[in-house]
Amino acid sequence: MLSNRTGLVLVTALTPAIWGTTYLVTTELLPPDRPLLAAVIRALPAGLLLVAITRRLPTGVWWWRALVLGALNIGVFFALLFVGAYRLPGGVAATVGAVQPLLVALLSAGVLGERLTPRTLLAAVAGVAGVGLLVLRADARLDTIGVAAALGGAAVMAAGVVLSKRWQSPAPLLATTGWQLVAGGLLLLPVALVVEGAPPSGLTTANLAGYAYLSLIGAALAYALWFRGLRALSATKVTFLGLLSPVVATALGWVVLGQDLTAAQGLGALIVLAALVTAQLQPTRTRRMPAPPRVLAGKES
């Protein structure tokens with residue numbers, strides 16, 4: 001029977017698995033060349049729905065904390081992700097983004113006082129290498145601005161993960177999740193209007209279904225599970241689960257879209273999964289051996 005902690009890890013892992021479906025939904029169901037619009041529709045309606053369900057607004061310091069967390073976890077992160085995705089091949093952007101567990105581990109050591117172990121560092125490096133094998137192509141080109149944006153996206157979300165762990169909200173989980181989604185969506189809205197213009201007219205049923213999936217499943221459900229995991233698990237262990245996203249995206253491309261899967265990609269997936277499992281292992285505790293019985297005058301006492 002699974003322990004409570006193992007069950008919690010598996011449930012939290014549903015979030016990056018859901019995020020891994022974003023590429024398939026975007027390419028197959030959504031209008032082309034509107035990633036920022038997709039980000040706004042993904043975050044803002046989901047956040048408003050959660051706030052309406054919980055009927056809780058921030059109080060006191062949580063007005064600005066919700067804005068900061070929403071910017072880091074959603075608004076600024078999505079904007080930088082958009083820049084990196086457009087200026088870099090997908091494989092390069094994903095590989096650069098895979099440094100996030102390492103950044104979270106370093107920040108957690110300094111901000112949260114979590115122990116930084118050699119095993120964690122090794123797992124983080126292996127995760128980047130595994131993602132590189134999984135998604136990076138030999139002809140991939142580098143772009144300075146794109147790489148900086150991808151690194152910036154990984155850094156701001158790493159900061160958001162660590163601050164989400166440090167700032168424990170007294171409000172219900174769904175309310176806190178809703179605040180962040182609303183804040184992130186409102187920050188993205190003017191950027192989307194300036195960069196992409198007004199939303200396209202005549203959306204199809206497939207478009208609406210794709211947007212509904214991204215908002216209800218990809219945001220409302222996924223972020224609630226993500227922040228639930230952050231409340232109960234260490235920030236470092238949770239962020240390693242994010243390495244599942246490129247694995248799921250690659251698997252769906254192979255199964256659903258008929259994309260080729262090479263031996264190197266298979267090896268990369270195995271390395272990623274090994275790094276993820278290694279990061280979740282609990283530190284071993286040395287057992288103290290009982291002291292031997294004392295012997296006095298030839299007798300055991």
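Trainee: Is R55 buried or exposed?

Mentor: R55 is exposed, because its relative accessible area comes to 74%, where exposed means over 50%, buried under 20% and partly exposed in between, with a 1.4 Å probe and protein chains only. Keep in mind that this is a predicted model, in which local features need pLDDT of at least 70, side-chain atom pairs count only at pLDDT 80 or more, and totals for chains, interfaces and linings use all residues. Residues are numbered from 1 along each chain as its sequence is written, and side-chain values use heavy atoms, with hydrogens and water left out.

Trainee: Which residue other than glycine has a positive phi near 60 degrees?

Mentor: That is D33, with a phi near 60 degrees, and D33 belongs to the loop between α2 (22–29) and α3 (35–54). D33 counts as exposed because its relative accessibility is 59%.

Trainee: Changing topic, how many helices and strands does the protein have?

Mentor: The protein has 13 helices and two strands, and its C-alpha atoms fill a box of roughly 100 × 50 × 40 Å, taken along the principal axes. Of its 301 residues, 46% count as buried.

Trainee: And how much of the contacts comes from residues 24 or more positions apart?

Mentor: Taking contacts (heavy atoms within 4.5 Å) with a separation of 6 or more, residues 24 or more positions apart account for 92% of them.

Trainee: What about Q280, buried or exposed?

Mentor: Q280, which is found in helix α13, counts as buried because its relative accessibility is 10%. Leaving aside residues up to four places away in sequence, Q280 touches R5, V9, K237, F240 and L241.

Trainee: And A148, which helix does that lie in?

Mentor: A148 lies in α8, which covers residues 144–166, and A148 is partly exposed because its relative accessible area is 45%.

Trainee: How many residues along the chain separate A148 and P170?

Mentor: A148 and P170 are 22 residues apart along the chain, and their C-alpha atoms are separated by 36 Å.

Trainee: How many cavities of 30 Å³ or more does a search of the whole structure find?

Mentor: The search finds one, a cavity being a set of points, on a 1 Å grid over the protein atoms alone, where a 1.4 Å probe fits but cannot get out. The largest cavity has a volume of about 110 Å³, a volume being the space filled by probe spheres set on the points, which are joined across faces, edges and corners.

Trainee: Which residues of its lining are the closest to its centre?

Mentor: The largest cavity is lined by 13 residues, and S164, T176, Q180, F227 and R231 are the closest to its centre; a lining residue has an atom within 4 Å of a point.

Trainee: Which helices each supply at least two residues of that lining?

Mentor: They are α4 (62–87), α9 (173–196) and α10 (205–232), and the largest share of the lining, four residues, comes from α9.

Terms used. On a 1 Å grid over the protein atoms alone, a cavity is a set of points where a 1.4 Å probe fits but cannot get out, and a pocket is an open set with protein on both sides within 12 Å along at least five of seven lines; lining residues have an atom within 4 Å of a point.
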